[in-house]
Amino acid sequence: LGCVGALLSWLEEIEPALSAWVPAVLFPSHSDPQVAQVILGGIAASIMTVVSIVFAILLMTLTLASMQFSPRIIVSFVRDRVTQWTLGIFLGTFCYCMAALPAARSAPKPFAPVTTVMGAMLLSLICVGWLLFFIHHISQAINVNQIVDRIASETVAMIDEMMPNPRPYPRVDNSQPIDPGAWETTVLCATSGYIRFIDTQRLVTTAKLYRVKVQVLRRVGQFVPESVPLLQVYKGERLSAEGAMELRNAFDFGPSRTLEQDLEFGVLQIVDIALKAISPAVNDPSTAISCVDQLSRVLIRFASREAPSSLLCDPPGVVRASLMWTNLDRMLDSAFEQIRLYSKADLAVSLRMMRALSDIAVTMPDPEGRRTMVERGTRIVEGCVEKLGDSEMKELRARLAGLEKLVVGQPPQLAQR
């Protein structure tokens, strides 16, 4: 917008016809620069004041979200498109006014870029409307249900991207794992940080180029200190120093976890909010229940998809790399174990976890998977015995009995298909 302001004012000066359409009631004289200077300067000063307000609102929102919900969700606020557009429009309008201001001069020849000033006035009206929209957006963004729903939606989208194929039943895996005793060489990590992304194609290409096989020792989302083994290499004598560096470059490290390839991170963000909600200082079981509902949504999608292959081959049948991905048991542990431990005295949250396990079990055609849900439901009930009375336990045992019925025969939802 700054370039537009400078270009438009320059075109007005060399082509006076561009400003002829501006009504005389707004600018009686197109040669008086004082009005243009006052308008452009006033808009620029006002916009900077509004930018300060926007930054203050944003910082207040980040502080509130970090303290009340979880520090992990701040990254989603920073990536928010509405916030980025808001700052961009306001700063762009300021640059537009500042770039056009030098064109409004009294010497050597009086000139007022009235068309450019009209553009600045139009941008100021847009900024006013956008400010009202931004305030409404922020009020929605700090709503806990909106936050949890957004995190769950982002996690489900990442599941669809990483696991596009439906889960086969029964699952058949013809890949043969590499003999663990065959590893000879380790590649050490060159930097400390969380594994945020693994370029599997680059890993396989490098392994094929040097005619080696590699095993990744840490999965995405785990922290790796510097000088700790990151990879094990079969036929490591074929791997040069440049090859080892190329293998390290297939990993992206950072100071914090991200949702890219790290499906567990999305679950942990929701769990953090639930734990804050059921803490004695907050005591908000409704928020925890909403979190459990969204966790069931994520886990149902995860359980219905085929997990990425842990063995990467090139050509087909020739294993080049072996790495670990988060499995369903790990996702279930991350989703429900901490909430189960901290909600033993909360009947509403425990009942909702039992319902979530039932919802997940209904969508699973695998009897073994449904038995896993029953085992987790049993642990929830057993944990609540010491905290709840007989009347409350009656409801929990009824939910557990309904869950156990799903193990016998086919779930009703699947029988209708």
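On a 1 Å grid over the protein atoms alone, a cavity is a set of points where a 1.4 Å probe fits but cannot get out. Grid points are joined across faces, edges and corners, and a volume is the space filled by probe spheres set on the points.

**Ground rules.** I am working with a predicted model, where local features need pLDDT of at least 70, side-chain atom pairs count only at pLDDT 80 or more, and totals for chains, interfaces and linings use all residues. Residues are numbered from 1 along each chain as its sequence is written, and side-chain values use heavy atoms, with hydrogens and water left out.

**Cavities.** I searched the whole structure and found 3 cavities of 30 Å³ or more. The largest cavity has a volume of about 100 Å³. I listed its lining, meaning residues with an atom within 4 Å of a point. Among them are Met162, Arg219, Asp262, Phe302 and Trp325.

**Arg257.** I looked next at Arg257, in the loop between β6 and α9 (263-278). Helices (H or I, at least four residues) and strands (E, at least two) are DSSP runs, numbered from the N terminus. Is Arg257 buried or exposed? Buried means under 20% relative accessible area, exposed over 50%, partly exposed in between (1.4 Å probe, protein chains only). Arg257 counts as buried because its relative accessibility is 16%.

I then checked its polar contacts (pairs of N or O atoms within 3.5 Å; within protein, one must be able to donate a hydrogen and the other to accept it, and residues adjacent in sequence count only if both atoms are side-chain atoms). The side chain of Arg257 makes one of 2.8 Å with the side chain of Asp262. Another, of 3.5 Å, joins it to the side chain of Glu264. Contact in general means heavy atoms within 4.5 Å. Leaving out residues up to four places away in sequence, Arg257 touches residues including Tyr194, Gly221 and Phe265.

**The sheet.** Two strands pair if DSSP finds at least two bridges between them. I read an open sheet of 3 strands, in the order β4-β2-β6, with antiparallel pairing. β4 (223-224) and β6 (251-254) are the edge strands, each pairing on one side only. Strand β2 (residues 193-198) and β4 share 2 bridges. Tyr194 stands opposite Phe223 in β4.

**Helix α13.** At its start, a side-chain oxygen of Asp366 reaches to within 3.1 Å of the backbone nitrogen of Glu368. I noted buried residues in α13, including Gly369, Met373 and Ile380. The buried residues of α13 pack against α11 (328-342), α12 (347-362) and α14 (390-405).

Key:
1 Å grid on protein atoms, 1.4 Å probe; cavity = no way out; pocket = protein on both sides within 12 Å on 5 of 7 lines; lining within 4 Å.
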